[in-house]
Amino acid sequence: MGGSSIGEGTLSLGDFVASAKALIEKWKVIDVEDSLPDWQWKPCGKTGVPSEEEGYLALEGVYRNPGGRHAQSSSESVHIYDYHVVYSFSYKVPVLYFQGHQAGGQLLTLDEIKEDLPSHSLKLLGESKWTFITREEHPHFSRPWFTLHPCGTSDCMKLLLEGVENKDQHVQYLPAWLSVVGQAVGLKIPLELYEMHHVSWKPGNN
Amino acid sequence: MAARAEAAAAAPRPLQAAAIGVCAETGFWDALRRLKLDVLGTDDSPIPITGYYTPRQYEKIASLFRICPESILPPSANSFGDRNNCPVPGTLLNTNNMRGFQNLDRALLLKAEAKKILHDIKSGKVEENPALLLRFLVISFADLKNWKVYYNVAFPSLIFDSKITLLSLKLASQVLKQEEATSLSNAFTEWRKSSETTVVPFFLINISPDSSATIRQLKDWKACQGNGQKLLFGFYDHGNRGFPGWALRNYIAFVSLRWKIEKVHFFCYREKRGRPDIQQSLVGEASFPAPHGWDERDYVPEAIGWEGETAGKESKEMKPKEIDLSSINPASQDEEKQLMHLKLMGWRHFPVNLDKLAGVRCLLLGAGTLGCEVARLLMTWGVRKLTVVDDGCVSMSDLVKQSLYTDKDCGVPRVTAIVPHLKERCSAVEVEGIQMGIPKLEYNISASKISSITDDCKRLQTLVDSNDVVFLLNETWEGMWLPTLLCADKNKIAITVLLGYDNYLVMRHGAGPGTKSGGMDEGIAQIENLSTQDALGRQRLGCCFCSDTTSLVNSDHNGALDQQSAVILPGLTSVASGKAVELFARMLHHPDEIHAPGDIAGTDTEHQLGLLPHQMQGSLSKCVLSTVLCNSSSNCIACSNAVLSEYRRRGFDFVTQAITCPTYLKDLTGISDLKKPFASKISASIPVSKTSASIPVNLEKLSSARCLLLGAGTLGCDVARILMDCGVRKLTVVDSGRVVVSNLARQSLYTSDDRDSPKASAILGRLRERCPSVDAKGIKMEIPMPGHPVSPNEAVSVLEDCKRLQELVSSHDAVFLLTDTRESRWLPTLLCANENKIAITAALGYDSYLVMRHGAGPGTNCGSPDVVAAADTLSAEDVLGRQRLGCYFCNDVVAPVDSVSNRTLDQQCTVTRPGLASITSGCAADLFTRMLHHPDGIHAPGEIAGTSSEGPLGLLPHQIRGSLSQYNLLTLLGYSSSNCTACSNAVLSEYRRRGMDFVMQVINEPTYLEDLTGLTDLMKSAAYSQVEWIDEVDDDDEMDI
């Protein structure tokens, strides 16, 4: 697996898949908020035959309560978010696509989504050059989803991965990336995920 | 903790269950929208769907029942399902309109579903597929036009004459021993791991005396008996509270009815982060004494289960949930909205091949009067690839004729101006404008020009090659020769439109020649061995030069054509363009396309499109239309084998020689030199009246006529524009609607800048930018209609509208009824008859149209000026003592009623063939000018084509009815009926006596009209004597859709 492209802040498809699968397993063993389900790998072959290489990372059915986050919510008033991480061949980086809907099914508008975001996310969206929300066609569905534009990703990742040991870089890429984009869209990514190189962790079934 | 407190309560009490929340995703409704539009059409029968159930996943939130895009797949083809998506069968009932949705008997539907559940319990099906206990029902109305869905969901729960009593309910952790809990947790982990069992929401739990737990399918119930094992009836519980989920109710009913168990121990299974949450799961006991009568054959159980409905309470009016689909894909929405009317054709008539239309490349030679209209109508048909060739510029005097241009375009090349005008009506259209003259047979070309002409020839050849269909709209005869030759050579569809002063010819050229078989090299055969038949072995149809016996020399200088084309009746272009585009669409949908044989009107065809003629010729002033079939002539100067062989052999040398040498083509084809003016070609079967070129047009009368247009939609736009072309300068337009994107392609005046503006105001600017001297007014107002009852707080404003309309009618000279419902024409018809105003109705069916002028109002018997006295003495004749002609309502045997609310979308949306409105508008405006010029005006008697002697202005019929698919045009005459609900003396007397009180009564209670006019009695006697009225009504009905 090529560490050299990671030095440039980009990622090969093979590294993306490997990093994604490592993240799925890691996520299962760390403590995350109750409202967060497990990440899943969704294979989808464009040719019709699902293959391991083609696919995306998905975190679906994330609940969020508009208004008081700690109130015992009725299921009627929650908002449900789906997050997809898709590999961009043109930018050679992961791209976050997401959409939210009301409990009844109605899609949320960007304004409604922003109302759900904590203030530090809004601040980040307002300030950072590479985390602005646009609406683009989801590469695997013929429908527009919200997305964080990938044009500044590689520059940012170059900085983030400085100091990470070379052999860990491809596995560390997605957690490091998620720690930033997650903030922008109000997704709470536990620090444990990123601190992989401090934890003795072995891939396993549990 | 609240949950704990609730769970700990011990006294027996009625079972309380948590309702299931439903998340019906936008993607599902979008899938339904497409299915409805593309496949289901008017079919509103129930559809089997699949919903997805899951045990509680998060501590704080109950799980939602998902209805997602996969849900719409037919269950047999739907393999979607996983641990958090347990498939559950359901039924979707999607109605055709809002009223249908509101009128659904929700209680009855719920019972019917409950009966299915009971049946599955009895028959043992539940053991095979336990998810049947969760069967659900969705009722909806998908409003395709506005991209909204209204719906309600129900989970029917059986109710019997005995009640479920909860005896105990505790957290599982309080009931189970530690070892039992651990063993059960492991068993659940296994159960949830297997793809076979994880989707099964109901199951049995065995706990043996040694604390080991096993989970089994319901069908293994017998094996779970005895051995001192504890048996719990387990199920996935979606809820997060201290009481069980809704699924338990039917589960207990099942256990009790099927296995005769009165006391049920149950287990509510919940999860946390994908792992069993034994802590928060519930264990309880409920009793349910066997009910009575449930096993009788026709027993229908009571049921509850609509969202928001709770047990024991009377179900109140349910508020539908609403989903807005417009957020799902804003980009594709405009295009989909524009194409909707084409898709709706497939609901009842014939499926339009949208892909083919979107892919076909059309070349339009000419961007003038015909070019504008044809380009726009092609776009309405869903054509998305257009190339327009023209060498002229837009001039001020053309603006009223050439429908797309505005005053800003004056002096600009037409091909430059037309592109943005098409784009602003349909952004998906690809238009290319090419500034170029079509090389003509000119003969006196200077040698210096020859090379540039040869270049143009080559360019034209490239253009013909790269397009699929060529429209010859260039209005000069000499300019048609080369394109005709090129199309015949490359076997391209060519459609020619020729206009005379008041007559037109629309034709498709035949296919090019095939080759004779003879072992010859294909390339040589293409030149040397042309067959007289086409590639399918059929006789070739002719081109526009075939039936002409002469190759015309410079008609420009003879003046025959140009003189005529310069002066053509307003409206003729609209009629001819409508027919040309219709011919195109028919041809494209014919399996043989260019090779399709020519049909003649009056013959039968099996094709669902109707007839596909070769040529049609018509005359506005004579109100006739005929179809002609003529085969390719072996002497034709454009498509005969002699010409094609020579062209293929010598290419542009041949073309140059043909263009420059006057006798060359004649010598080549061997035709004798017969000079015949071009005009005689179109009029071969329709002799042009000698006076036609000099019809006296009284411009003063036209410019001072005050015209009131009711409706500013497809008909309103075209009629307003054609009236301006006629010379009318005083227009008032009434409409209540706003411009929406689906209007843009069909309603000729609006552009995307007008979106969301009221039509009544948007149209004014559009008229002025075509004719600065027009005096146009717009009034945003809904026309009060019978059968649309008015609530007391609306009454004042509706009364105002009635009075306003009455003032408008009396302050105008002519009223055009261009609305799209029958009932909206009633009040204007009444007011016109009352004030003796000219009223012209134009109405569209799917492929048929009606244009009629209403008769004059009645005269009085004694001529008394006293209004009240006059009301009693209305004469059966008009003031000239002639029998009154009928109005739009004279053939009706029922009063006009609400014709919209109960209908399907295609009926509500005026699904008509594109082009039909152009034809109808052309006829309506023409009828008006004829009437205005008639010495008797509104009192002119109705004439019938072919019988009446015709005045200098041509025929003035009472009604014109035409059908696109049958290619017929009828002139009809009908007199005013004494039972008419709008213009009979009974109605008029009542109106004169009671005024707007009478009108308001009719609006609220249309059947009152039937009593008043004697229709009620007539119907009774008709029913008695079994007269067949029905056909007549249906026919009229269709006219008005």
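**View 1. Phe203(B) stands opposite Gly234(B) in a predicted model.** Gly234(B) belongs to β11(B). Strand β9 of chain B covers residues 202-207, and strand β11 of chain B covers residues 230-236. The two strands pair in the antiparallel sense. Their pairing runs over 6 bridges.

**View 2. Helix α8 of chain B packs on the sheet.** The helix spans residues 247-259. Helix α8 touches β9, β11, β12 and β15 (282-287) of chain B. The direction of α8 makes about 140° with that of β11(B).

**View 3. Helix α7 of chain B lies across β9, β10 and β12.** This helix takes in residues 178-193, while β12 holds residues 263-269. Helix α7 runs at about 30° to β10(B).

**View 4. Seven strands of chain B form an open sheet.** The order is β1-β8-β15-β12-β11-β9-β10. Pairing is mixed. β1 (13-14) and β10 (213-216) of chain B stand at the edges. Each has a single partner strand, so one side of each lacks a neighbour in the sheet.

**View 5. Helices α13 and α14 of chain B cross at roughly 45°.** Helix α13 comprises residues 447-466, and helix α14 residues 481-490. Their axes come within 10 Å. The angle makes α13(B) oblique to α14(B). The crossing is right-handed.

**View 6. Residues of α13(B) meet residues of α14(B).** From α13(B) come Cys457(B), Leu460(B), Gln461(B), Val464(B) and Asp465(B). From α14(B) come Leu482(B), Pro483(B), Leu486(B), Cys487(B) and Lys490(B). The contact residues divide into 7 nonpolar, 1 polar and 2 charged.

Terms used. Residues numbered from 1 in each chain as written. Chains lettered and ligands numbered in written order. Predicted model: local features only at pLDDT ≥ 70, side-chain atom pairs only at ≥ 80, totals over all residues. Axes fitted to C-alpha atoms, helices over the stretch in contact; angles between N-to-C directions. Helix = DSSP H or I, 4+ residues; strand = E, 2+ residues; numbered from the N terminus. Parallel < 35°, antiparallel > 145°, perpendicular 65-115°, else oblique. Left-handed = near helix turned anticlockwise from the far one by under 90°. Contact = placed C-beta atoms within 7 Å. Nonpolar A, V, L, I, M, F, W, Y, C, P; charged D, E, K, R; others polar. Pairing = 2+ DSSP bridges.
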